[in-house]
Amino acid sequence: EGFTASGALRMGVSEMTRFGFGKKEFEQLAAMMADCILRDRDITEDVARLRSGYTEMKYCFSGDAFDRALGEFAGQIGL
């Protein structure tokens with residue numbers, strides 16, 4: 001079908017990676033999803049507990065690293 005088809009889960013993997021999720025956190029999330037989907041378990045508190053440790057979005061560069069990268073880029077394009 002297409003992206004508008006219902007009946008599927010859509011996960012923001014890249015979004016949560018930017019919040020700091022790694023392999024371990026995605027494994028925990030997958031286990032919670034299995035509990036919810038396959039075992040009809042309420043995972044609300046588990047999800048809130050997992051997510052509470054990942055509230056600051058990070059990017060590839062920040063602070064001095066960003067300033068240096070931006071300066072290099074500006075030099076490369078002649079600014």
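Author: Let's start with the rings: Phe-21, Phe-26 and Tyr-54 form one aromatic cluster. Before going on, a word on the ground rules: this is a predicted model, where local features need pLDDT of at least 70, side-chain atom pairs count only at pLDDT 80 or more, and totals for chains, interfaces and linings use all residues. Residues are numbered from 1 along each chain as its sequence is written, and side-chain values use heavy atoms, with hydrogens and water left out.

Searching the whole structure turns up two aromatic pairs. Rings of Phe, Tyr and Trp (its six-membered ring) pair if their centres lie within 6.5 Å; planes under 30 degrees apart are stacked, over 60 edge-to-face, and the rest tilted. Phe-21 and Phe-26 have ring centres 5.3 Å apart and planes at 75 degrees, so they meet edge-to-face. Phe-21 also pairs edge-to-face with Tyr-54, at 4.9 Å centre to centre and 75 degrees between the planes. Phe-21 sits in the loop between α1 (13-18) and α2 (23-39), while Tyr-54 sits in the loop between α3 (44-52) and α4 (63-76), so this pair ties together parts 33 residues apart in sequence. (Helices, H or I with at least four residues, and strands, E with at least two, are DSSP runs numbered from the N terminus.)

As for burial, Phe-21 is buried at 7% relative accessible area, and Tyr-54 is buried at 18%. The cut-offs are under 20% for buried, over 50% for exposed and partly exposed in between (1.4 Å probe, protein chains only).

The buried residues of α2 are Glu-25, Phe-26, Leu-29, Met-32, Met-33 and Asp-35, and they pack against α1 and α3. Take Leu-50: leaving aside neighbours within four places in sequence, it is in contact (heavy atoms within 4.5 Å) with Phe-21, Glu-25, Gln-28, Leu-29 and Met-32.

The charged end of Arg-51 sits over the ring of Phe-19, 4.3 Å from its centre; the test is NZ of Lys or CZ of Arg within 6 Å of the ring centre and within 35 degrees of the ring normal.

Side chains of opposite charge can pair when their charged atoms come close. With a salt bridge taken as a side-chain nitrogen of Lys or Arg within 4 Å of a carboxyl oxygen of Asp or Glu, the count comes to six. Glu-27 and Lys-23 make one of them, at 4.0 Å from N to O; both lie in α2, four residues apart, about one turn of the helix. Glu-27 is partly exposed at 47%, and Lys-23 is exposed at 67%.

Arg-41 is partly exposed at 38%, whereas Asp-46 is buried at 16%. Asp-35, Arg-39, Arg-41, Asp-46 and Arg-49 are linked in a network of salt bridges. Just after α2, Asp-40 takes a positive phi of about 55 degrees.
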